[in-house]
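Let's take a friendly tour of this one. Have the sequence and the 3D view open, and follow along topic by topic.

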Amino acid sequence: MKKLNIFAVIVALLFSLSATAEAQITEKPEYGKFAITGATIHTVTNGTIEGGVILIDGNDIAFVGQNIKITDEYTRIDATGKHVYPGIIDGWTGLGLVEISAVPVTVDVAEIGQFNPHMYAFTAFNPHSASVPVTRVSGVTTVLSRPSSGSISGKAAVMDLWGYSPDSMAVKKSGALIMNLPSKGGGSWDTRSEEEIQEQYENQIKEINDFLNKARFYDQMMKAYEADPSGKTKPDFDPRMEAMREVLTGDVPVVISVNDEEEILDAIEWTKGQQDMSFVFAGVREGWRVAEEIAEAGIPVLTTTLYTPSRDYDSYQRPYENPGLMAAAGVKVAIVSNDTENSRNTPFEAGYAAAYGMGTDEAIKAITINPAEIFGVADKLGSIEEGKQANLFISDGDPLEPMTNIEQVFIKGFKIPMQSRHIQLYDEFLNRDAVNR
Amino acid sequence: MIAAFGITAQAQDKGSVLIQNATVITVTNGDLEDTDVLIEDGIIREIGKDLRAPRGVETVDATGKFVMPGIIDAHSHLNGVDINEARNPVTAEVTMEESIDPNEVGIYHALAGGATTIHLMHGSANVIGGQGETLKLRYGASQEGMKFENAKRTIKFALGENPTRVHGQGNGVQPRTRMGVEQVIRGHFDEALDYKRKREAYLEAKANYDRRQRGTPPVPVAENLRYEVLNDVIEGEILVHCHSYRADEILMLMRVFNDYGIEDYTFQHANEAFKVANELAKNGAMTSVFSDWWAYKFEVYYSTAYNASILNANGVVNSINSDNDQLLRTLNHEAAKVVRYGDTSVNDAIKMITLHPAIQLGIDDRVGSIEEGKHGDVVVWSGHPLSIYSKAEMTFVDGTKYFDLENDPDDMRIQINPGADYDDGSNFREIVTRRDEDACLQDSFILMEEQNNAYN
Amino acid sequence: MRKQLLLLALLFVGLGMQGIFAQTTPAQALKNVTIHNADGSTTQSATIVWRNGVIEAIGTNVTLPFDAFEIDGGDSLHVYPGFIDGFSIWGSPDLPRPQDLPSLDEPGNPPYDRAGVQPERKPSVLLKEDENFETGMKAGFTTAALYPNGNMLPGQVEAFYLSTDHENVQLIKENLGLAGSFEEAPGGWGSGAYPSTLMGVMAKFRQVMFDATALQQHMRYYSQNPEMPAPERSRVLEAMFPLVNKTTPLFFEVDTKEDIERLFKLQDEFGFNAVIVSGKEAYAKADELKRRNIPILAGIDFTDMPEWYAETKKKEDSEEDEKEEEASEEEEISEEEQAYREKQLEAWKAEVSNIKKLMDAGVPVGYASAGIELKDLDGKIEILLDEGGLTEGDLVSLMSINTANILGLNRTLGSLERGKNASFSVFDKAMSEDKAKVLYSISNGTIYEFNGN
C-alpha cells in the first residue's frame, strides 16, 4: 500500500508539472454579435430552417429565421451548405471530476460516506481539465458532471464547457442529486441466499428511508422556524439536511442508477413512496423490458447504446434499440456518454439509437432538449430559439455521423477557439521533422 | 450442454454465393459501382458485371447496398477462456490457441457488426506474454474449426504500466520500471540463445553417442518450451504484437529488436506512436491503435485521437483495433472517426479495419480486400459502412453465411447452462461498454485487487 | 511402504493358496436371494457361497457345503456385485486453504507442489479417516480406485478394497496410473503460482514431461557411464516416467468437449494412454473417444433438474389423480421464457443421457464419483434411470464390471462368479426401489453389517 501511495504522489507531481507546462488554448475566443448565414438550422423544437440566419448577441440567440436584414455590427459567418445544431448536452459524465481514471489522486467522484447530499460536483469541477476542450470542440457544449458513491453521492452540476471557473461555467450548481439504491446483486458470483439478499436490501432501503424522513422533518422544522422565529430556539444547522431541502421540494431531480429489469421495478416501487421528490433513472439497460412501467411512473431516463447485451439470450441489437423502445412507450429519453474523457462520443451513442428505431430527430432531441428539460435548464439550453443561450455548433453534416466535422462551436455566445490537446498534438506531430532534420 | 441453434454452418464449411449489383469496396482497387462478386467454395472467383450464378449457387440482390471485406480486429480478447497467465513476467510458452472458447455468443454479436476475423490475444500483464491465435468467426465450429488455417504465429509483448504494476508492484519481481522491462526482454532473448546452443550441442552429441555407443554420453539438456518459442521469435517465425503506449518505450523496443534482428512487429495501442511516426516508418514497424481512447491511465494522457491519421500520413501501416467486445461490434464507426480526426481518406480508414490488420497478422494474401482468389469473407452493408445508419445485413466467412439480418433470432447461444433458470443471475453477462479500458488486463485487475486485500 | 508390500504379499499368498485354506476355514452363504448380475440380468432364488474372500459357488443349483455358515436374512434379499468407484478422493488428506499458503518469492517459478505437480503422491501412504468409506459401503460400494486430492497432477491412482475404517482399507493394486486435470496451481489469484490458467497448465504439463524425459535419459546414461556427472534425482519427475514411457494411463478429469479436445492434443504429443474421468460432454466426442480407445469413468453429478420441469412433472403425476384443477393454475410465461425453457431442457437432457449415448456408441463407460456427494447419489441414480435412458441392468453393469474392466480389475472383481473375489452388497430390496438399503456389505470376504441404518 505504501508503494502505491509513493507512486501516486510521483504521478501527481508529474501531472501537475506537465499540466501547467502545456497550455491548451493559445487563441482567444470572440464575443459580441455574430450572424450565421446560409445554414440549415436544426432548431430541434421548431423544425428545420433551410438557408436561415441566426443572430447571436452577447450571451444569447437574438434571432432565428429567414428574413432579416443583418446590420454591419454583426460579424458574418457564412455557413452556406452547413448545418447548425444546438450544443449537445451530455447528461451523465465524470468530466471535470476525473482527469485520469487509473490515477486515484486525480479522481474526485467518490467521497467517503453513505449520505453526502452536501457534496457538490461544482466544487471539484476542474475548468482546466485537458478533457474540457477536447469535448467541446466535438460539439458537446454542456454536461451534467456527477459524483458516484454511497447511497447519496452528492449533487451533480450542469456545466457549460467554456470558462475559467466553475462559477462562470455553471448553468445549474444543483443539477441533480445522485442516488444509488441498494443492489440485490444476484450474479453468478453472489454467494448470498435469496433470503439474505432480500434482508440486506430491506435494511439498506430502510436506512435510506430513515435518512429521507429525517430530512423531511428537518425541512419542516426549519420552515416553521423561518416562518416565525420569535420565541423559538434556532435548531442546529445540519449541512446534510440543509442540502436535502431543495430536493424535497422537487426542484432538484434525484437520479437513481438502475439497470436490470428487477432493479428498475424495485426502484419504481420505491419512488412511489417519495411523492415530494422528482426522479430520473440513469443506466436503464433493460428499460425496454419494462418501458410501459417506466412511462407510467413518469420517470425520464439517461441511457446509452454502445454496450454488450445484458443477458446471454438477448439479441445483440437490444442495447441499440433500448432508447427507441422506451421513447415509443412514452418515456422521456436522454442519451448520454456515461464516459469522461470521451464524453465527445455522446452523439454516436445517439446515432445507434437513431439507426435502430428511434429516428434521427428523436435521437437529436435525446442529446439536446430532452436532457435540458430533465435537468430544468430548457429555458436556456437544448434548442435554437430566440432568447436562449447561444450554445450551438456549425457542422458539415449530421452530427450523429462519426465522419461529420464539427467546424465551429459557440458556448454562451463565445465563438470558442477550436483548439484542444488532441488538435495541438496533431499540429505538432503531423509533420514533426519538417524543419528539424 | 451443447446444441446448435439457428446455425447451420459447420466448421470450415466453404460456401458459394453470387452477390449482385452492389457497390463493391475492394479496398485495393477502389469502389466498383453496380458490380457482382462471385464466391465459389469459399474463394472469390470473379468480380465483374452481370456475372451468372453457377448452377445451385444462391444469389443475393445487393442493389443499393455496399459490399466490403469482413472486418479484421488485430486485437481482441473476445472468446479467451483465460487472458493472462500473469504469474510470471515471461510466458512465451503459453498460447491462446489453447484458450479458445468457441461457444461465446459474442462471436455472433461480432459477426452482426461485420467482423469476420479476430486476433485472439494474450493479455498485457507480462513483458512477454503468450502466443496469440488468429480466428475466423465461424460461430458453431469447434475451437480447431475456428482457427484461421496457416495464419502466421503471433505473440504478445507488453511494455509500461501493466507489466510493471503486475510484477514489480504486485509480486515484487522485476520489472518495476521501464528500465527493467528492457532487461527482462534482453535477458530472456540471451538465455534463449544460450539454450539453443546447448540444446543443439546436446542433440548432436546424443545422436553421435547413440549411434556409436562409445565415449561418455552427454548430460541431457531438456527441451524448454519457453526458450523454443523465444527462438522462434528471434528467427522471425512469430510476429510480435507489442502492447505499448509511450514513445520512449516504443523506441526502446525497436532498438532491442534491431539488436536481435527481429523485423516483423506491430505496436498495439501505441497511443504515443504519432510522436515517433518517422522512426516507426524507418524501421518498417506497424501500429494498431484505438480510434479515440485516451486519458484512462497516465501513459495515455498525452495522446490524441489524431494518432491514426498522423501515422497514416507518415507511411506507417496502421490498423484500428477494438481490444473490447463492444467496440468489436462497431469497428466500422471507429474507422470512420479516423476520417473525422485528421482527414484520412475513407478508403485509407477502411484499410485500417481490413487490409492493414491482415498485413499485421500475416494473412493479407488471403483476406483484407475483395480480390479474385482471396477468401470469401465479405459483408453486405445496407449503406456505406462508415455511416452510423448502416447495418451489416449479411456476413459471409469462406462464402458461408454466418449472419443474416433477415434471419436473426434473439437467443443465439450454442452453449446452454441447464442449471440456470430464465431469471437466474448467471444469465446476466458482464456488460462491456464502449469505454471499458484495458481489456488486456481485465483478469489481472482482479489479481491486483486480491493482492491488495491479501497484503494490506 | 513396507506395510503395503506386506499386505500385497499376503494377498498373493492368499490367492495362490486358496485350496489349502478352503479345508480349514468355514464358508459363508446367503440363500434364496435375488442376484443382480453384472451383465444386467437377474437370478431369482439363488444361493451364494464364499470362503476366504473367494466366491466358491453361486446360482440356483447350489448345494451348501457342510461348513457353510448361513447368514440370516430372510428370503427377499437382493445381492449386487460390489460397486466400484473408478476414481475417488475418499480418504484423501485435506488441502491447505489458499489463504494459508505462504506467499512465494517467485510465483512464476514455484516448487513442484505449489505448481500442483505431485505425481509422487500415493493414496496408500496418505489415506486418512473419512466417513465416506462407510457411507460408500452403505451405498453398495466395495471397491474404489483412489487418488489424492490436488491440482494438475495430484498423484497416483491405486485400487482398494473398502472397509468402514480407513486402517482396514486394503490396497489391491498400485500404480494404476497418474491422476490429472486442468486444475491450475493452488492459491488462485491471491497466493497462487504458475500455472494459473488453463493454457499455463497445458504448457507446464509439457515442460514436466520434457524434464522427466531428460532426467530419465540422464539416469539411463549414468547407469552405464558412472564417469559422467550424476543426475539430480527427483521423486516428482521420476514418478512421471511411467507416463513418459506410456506404461500406465493418465486418469484425466475433464468435462467440456473443448477440454476433451485439449486432452487429445496432449495425447497426440506424448502418446500416453488416457482414461477420461467425469466427462460430462464426452457424448459429443464419442466417435473420437472410440477411435482413440479412451474409456470414460463417467460422473453422474448432474445439474439439478430445472425447477419448472420438476414442477411440471410433479403436476403431471398428480393430475392423474385429480383432473379437476386444470389449466386454471397454468403459470403464464412469456414467449421468450418459453423458448428459453425449451433450450434449457434440451441441454439438461443431453447432460443426463451422456452415459447412455456413450454406451450406444460403443465407448467403454464405467463409473466415478468425480466430486459427487454420496448423499446425492440416490437422486442422481433416479435421474439416470428416469431421464437418462439407462435400465437398472445398465446401471449395475456400469458400476461393476464396466468399471472393473477399465481399471483392469476384472479378473477378480466386477461380477458375481465362481472364483471371483467375494465383494458384493446385500440390499433389502431392489436398489431402484424406494428406500432400498444395504444390510450387508461383503468386501474381500469380510462382512460388514449395517442393520439397515
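Before we talk about bridge partners, here is the term we need: two strands count as paired if DSSP finds at least two bridges between them. Keep in mind that you're looking at a predicted model.

- Chain A has an open sheet of eight strands, in the order E6-E7-E8-E9-E10-E11-E12-E13, and the pairing is mixed.
- Which strands sit at the edges? They are strand E6 (88-93) and strand E13 (333-335) of chain A, and each of them pairs on one side only.
- On average, neighbouring strands of this sheet are turned by 25 degrees against each other, if you ignore direction.
- Zoom in on one end: strand E12 (residues 301-303) of chain A and E13(A) are parallel partners, with three bridges linking them.
- Val301(A) has Val333(A) in E13(A) as its bridge partner.
- Helices pack here too: helix H9 (residues 318-328) of chain A lies on the sheet and touches E12 and E13 of chain A, with its direction at about 160 degrees to that of E13(A).
- H10(A) also packs on the sheet, where it touches E6, strand E7 (140-145) and E13 of chain A, and its direction makes about 130 degrees with that of E13(A).

**Strand E1 and its partners in chain C**

- A bit of background first: strands of a sheet pair through backbone hydrogen bonds, and they can do so parallel or antiparallel.
- How does E1(C) pair with strand E2 (residues 42-51) of chain C, parallel or antiparallel? The pairing is antiparallel, over six bridges.
- E1(C) and E2(C) make a hairpin with five residues between them, and in the turn Gly40(C) has a positive phi of about 100 degrees.
- Strand E1 (residues 27-36) of chain C also runs parallel to strand E4 (residues 68-70) of chain C, joined by three bridges.
- There, Ala27(C) stands opposite Ala68(C) in E4(C).
- E1(C) runs parallel to E5(C) as well, through two bridges, and Ile35(C) stands opposite Val79(C) in E5(C).

**Two domains in chain C**

- Where the two meet, 23 residues of domain 1 of chain C are in contact with 29 residues of domain 2 of chain C.
- On the domain 1 side, strand E5 (78-81), strand E14 (424-427) and strand E15 (438-443) of chain C each give two or more residues.
- Which element gives the most to that side? It's E15(C), with three residues.
- Sorted by class, this side of domain 1 of chain C has eight nonpolar, 13 polar and two charged residues.

**Where chain A meets chain B**

- The contact takes 48 residues from chain A and 50 residues from chain B.
- Helix H1 (2-21), helix H10 (346-358) and helix H13 (421-429) of chain A each supply at least two residues of the side that touches chain B.
- H13(A) gives the most to that side, with five residues.
- By class, the side of chain A that touches chain B divides into 21 nonpolar, 15 polar and twelve charged residues.

Key:
Residues are numbered from 1 along each chain as its sequence is written. Chains are lettered from A and ligands numbered from 1 in the order in which they are written. This is a predicted model: local features need pLDDT of at least 70, side-chain atom pairs count only at pLDDT 80 or more; totals for chains, interfaces and linings use all residues. Two residues are in contact if their C-beta atoms, placed from the backbone, lie within 7 Å. Helices (H or I, at least four residues) and strands (E, at least two) are DSSP runs, numbered from the N terminus. Ala, Val, Leu, Ile, Met, Phe, Trp, Tyr, Cys and Pro count as nonpolar, Asp, Glu, Lys and Arg as charged, and the others, Gly among them, as polar. Axes are lines fitted to C-alpha atoms, for helices over the stretch in contact, and angles run from 0 to 180 degrees between N-to-C directions.
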